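This report covers side-chain contacts in a single model. Please look over the sequence and the structure before reading on.

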Amino acid sequence: GALSGFASTVCLQPFDLVKTRLQQVDHGHTATRVGILPTTRAILSTQGAKGLWRGTNASLIRNVPGVALYMAGLTHLRTILATSPYFTLPPPTTFRKSNSVLPKLTAQGNLIAGATARVTVGFILNPFSVIKARFESNMYAYPSLYQALRGMERAELFRGFLASSLRDAPYAGLFVVFYESIKRDLPSTWNSTIIHSTSAASAGALATIATHPFDVIKTKIQVRTEERYQGFARTVKTIWNQRGVQGYFDGVSLRLSRKVLSSAIAWAVYEGVLIFMRPL
């Protein structure tokens, strides 16, 4: 989990940074239209290519232990739920080669396990999620992670946690449900790595689109300091008044690209390691 988290974070950091820059904009004060290409050009012209990787250290602190804890927690919860007949799938009526060693759960079991693991890890690491968003934003000039932690008030460390939970709980639950369903429907004759990466990429795409509005709300709360962005309900109202439905999908293509790629990498590596360790 940690290995896949490290690889995907370093490779895909520019997607996250540009997404944050798009989502942070207060459209009540900005008349010019922002987009992926203009934002990317502005970063390259002022900071060079290295500017696209601003905040990588904060992202690594947030994502590497986050992915490791989530994967370990998810596996543990699924193992526990597998002991209950209510959450365990009945044995298949026909033989099918298994390409996974993870417990086979019902949709309800996968939903509960995914949501619980994700929200728990999100709460533990929320302070680093706030720092990550602010490092990626160009509205703050923290010289280091330590100075960022020192400069933030205690109440700020959990800014956006409600929006994060409303994003992460359904995302993780839906992801595991879609992932297991797609994995069962793919031909068992396929290579296991292809099955896992294809299933994860497809599940990541579906879950990302369904939960993206909460990602926009989270970023606004964590980055903006105006009164209209103080709290979940106010932020939802502000976005609606400024942009309508479209405002809740700022940066969706970037988050979609990142989630598809990171999910494919993470789950292919994770399931591959579990299969490798099975005989031990």
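## Basis

This is a predicted model, in which local features need pLDDT of at least 70 and side-chain atom pairs count only at pLDDT 80 or more, while totals for chains, interfaces and linings use all residues. Residues are numbered from 1 along each chain as its sequence is written, and side-chain values use heavy atoms, with hydrogens and water left out.

## Salt bridges

Side chains of opposite charge can pair when their charged atoms come close. The structure holds 14 salt bridges, each defined as a side-chain nitrogen of Lys or Arg within 4 Å of a carboxyl oxygen of Asp or Glu. One of them joins Asp-16 to Lys-132, with the closest N and O atoms 3.0 Å apart. This pair links distant parts of the chain, since Asp-16 is in helix H1 (residues 2-23) and Lys-132 in helix H4, 116 residues apart. Helices (H or I, at least four residues) are DSSP runs, numbered from the N terminus. Asp-16 counts as buried at 7% relative accessibility, and Lys-132 is buried as well, with a relative accessible area of 12%. Here buried means under 20% relative accessible area, exposed over 50% and partly exposed in between (1.4 Å probe, protein chains only).

Glu-156 forms a salt bridge with Arg-134, again with closest N and O atoms 3.0 Å apart. Glu-156 lies in the loop between helix H5 (145-151) and helix H6 (161-185) and Arg-134 in helix H4, so the pair ties together parts that are 22 residues apart in sequence. Both Glu-156 and Arg-134 are buried. In the salt bridge between Glu-226 and Arg-224, the closest N and O atoms are 2.4 Å apart; Arg-224 is buried, with a relative accessible area of 10%. A network of salt bridges links Lys-19, Arg-167, Asp-168, Asp-215 and Arg-255.

## Aromatic rings

A search of the whole structure finds ten aromatic pairs. Rings of Phe, Tyr and Trp (its six-membered ring) pair if their centres lie within 6.5 Å; planes under 30 degrees apart count as stacked, over 60 as edge-to-face and the rest as tilted. Phe-214 and Phe-232 form a stacked pair, 6.4 Å centre to centre with 20° between the planes. The pair links distant parts of the chain, with Phe-214 in helix H7 (residues 192-223) and Phe-232 in helix H8 (residues 232-243), 18 residues apart. Phe-214 is partly exposed at 24% relative accessibility, and Phe-232 is also partly exposed, with a relative accessible area of 24%.

Ring pairs also link Tyr-171, Phe-175, Tyr-179 and Trp-267 into a cluster. Lys-259 lies over the face of Tyr-171, at 4.8 Å from the ring centre. A charge sits over a ring if NZ of Lys or CZ of Arg is within 6 Å of the ring centre and within 35 degrees of the ring normal. Arg-118 lies over the face of Tyr-70, at 5.5 Å from the ring centre.

## Surface patch

Phe-123, Ile-124 and Phe-158 form a nonpolar patch on the surface, with about 290 Å² of accessible area together. Patches are made of residues with over 30% relative accessible area and no salt bridge: like charges are joined within 9 Å, nonpolar side chains (Val, Leu, Ile, Met, Phe, Trp, Tyr) within 5 Å. Accessible areas come from the Shrake-Rupley method with a 1.4 Å probe; for residues, only the protein chains shown count as cover. Ile-124 is in helix H4 (residues 107-136).

## Selected residues

Thr-20 is in helix H1 and counts as buried at 3% relative accessibility. Not counting residues up to four places away in sequence, Thr-20 touches Ala-133, Glu-136, Ser-137 and Thr-219, where contact means heavy atoms within 4.5 Å. Thr-20 and Ser-137 are 117 residues apart in sequence and 6.2 Å apart in space, C-alpha to C-alpha. Asn-63, in helix H3 (residues 56-81), is buried at 12% relative accessibility.

Thr-235 lies in helix H8 and is buried, with a relative accessible area of 0%. The C-alpha atoms of Thr-235 and Lys-220 are separated by 7.2 Å, at 15 residues apart along the chain. Ile-265, in helix H9 (residues 252-277), is partly exposed at 33% relative accessibility. Ile-265 and Ala-201 are 64 residues apart in sequence and 8.7 Å apart in space, C-alpha to C-alpha.

Notes: Helices (H or I, at least four residues) and strands (E, at least two) are DSSP runs, numbered from the N terminus.
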